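Please walk through this protein with its sequence and its three-dimensional model side by side.

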Amino acid sequence: IGHYNNLNYLEYELFRNNKPIGYHKYYFKRENDNLEIKSEVEFNITKLGVNIYKYKADSNEYYEKDKFLSFSAKTLQNKKEKYVNIKYQKDKNNLLIDGSSYKGDADINFIVGTWWNHEIIDAKAQISAVSGRIIHQKVNFLGKKQININGKDYNALHYNFSSSDIN
């Protein structure tokens, strides 16, 4: 987490079929050894002018001395409310999840699927930032790739994420 010390704000647009459908914004706040990340995401998918999928979420994530402490999120997904609260349990050295899809303990090495933290590529599983379900994953490095955004070239690393999760 320490290598994100100079990052205060991160925003990206979400696209479907090369058309913008929404955004994801992250706000990073530091105080002494504490880091708080607030996130908001919203997007709509329409077909023939009709909303077929609507998504809005707000979350808070906390770290102390680069160690994960907690995460909480509320999501409205097609008018259905979902939630997740995750806390580090120091006495058990694991995570406790209270979510709309999963309640229970989880391995300390699983990572919350918020997508700002590149450590997700090394995790054997991610925890859904929507509902708390545990998604075992396989990540393959596909190679280096040059991408062009608004006329500017960037060097990028290209990965493929897969899971047997059917949700």
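This is a predicted model: local features need pLDDT of at least 70, side-chain atom pairs count only at pLDDT 80 or more; totals for chains, interfaces and linings use all residues.

Residues are numbered from 1 along each chain as its sequence is written, and side-chain values use heavy atoms, with hydrogens and water left out.

Strands are DSSP runs of E with at least two residues, numbered from the N terminus, and two of them are said to pair if DSSP finds at least two bridges between them. Strands of a sheet pair through backbone hydrogen bonds, in either the parallel or the antiparallel sense. Strand S2 (19–31) and strand S3 (34–47) pair in the antiparallel sense over 10 bridges, and within this pairing tyrosine 23 stands opposite glutamate 42 in S3. S3 in turn pairs with strand S4 (50–64), again in the antiparallel sense, over 14 bridges, and here serine 39 has serine 59 in S4 as its bridge partner.

The turns of these two hairpins deserve a look at the backbone. Most residues other than glycine have a negative phi. In the hairpin of S2 and S3, which has 2 residues between the strands, asparagine 32 takes a positive phi near 55°. Asparagine 32 is also exposed, with a relative accessible area of 74%, where exposed means over 50%, buried under 20% and partly exposed in between (1.4 Å probe, protein chains only). The hairpin of S3 and S4 likewise has 2 residues between the strands, and there leucine 48 takes a positive phi near 55°.

Strand S11 (residues 134–149) runs antiparallel to S12 and is joined to it by 12 bridges, and glutamine 146 stands opposite asparagine 155 in S12. In the loop between S11 and S12 lies asparagine 150, which has a positive phi of about 50° although it is not a glycine, and which is exposed at a relative accessible area of 80%.

How many salt bridges does the structure hold? There are 4, a salt bridge being a side-chain nitrogen of Lys or Arg within 4 Å of a carboxyl oxygen of Asp or Glu. Side chains of opposite charge can pair when their charged atoms come close. One of these pairs is aspartate 98 with lysine 103, whose closest N and O atoms are 3.1 Å apart; aspartate 98 is partly exposed at 34% relative accessibility, whereas lysine 103 is exposed at 54%. Another joins the side chains of lysine 92 and aspartate 105 at 3.8 Å, N to O. This pair links distant parts of the chain, 13 residues apart, with lysine 92 in the loop between strand S6 (80–89) and strand S7 (94–99) and aspartate 105 in strand S8 (residues 103–106). Lysine 56 and aspartate 58 also form a salt bridge, with the closest N and O atoms 3.8 Å apart.

On the surface, Ile147, Ile149 and Tyr154 form a nonpolar patch with about 250 Å² of accessible area together. Such patches are made of residues with over 30% relative accessible area and no salt bridge, with nonpolar side chains (Val, Leu, Ile, Met, Phe, Trp, Tyr) joined within 5 Å and like charges within 9 Å, and the areas come from the Shrake-Rupley method with a 1.4 Å probe, only the protein chains shown counting as cover for residues. Tyrosine 154 lies in S12 (residues 152–163) and is partly exposed, with a relative accessible area of 37%.

The largest pocket holds about 650 Å³ of space. Of the 28 residues that line this pocket, the closest to its centre are Tyr55, Gly113, Trp115, Ala129 and Val130. A pocket is, on a 1 Å grid over the protein atoms alone, an open set of points where a 1.4 Å probe fits, with protein on both sides within 12 Å along at least five of seven lines, and lining residues have an atom within 4 Å of a point; its volume is the space filled by probe spheres set on the points, which are joined across faces, edges and corners. S4 gives the most to the lining, with 5 residues.

How values were computed:
Helices (H or I, at least four residues) and strands (E, at least two) are DSSP runs, numbered from the N terminus.
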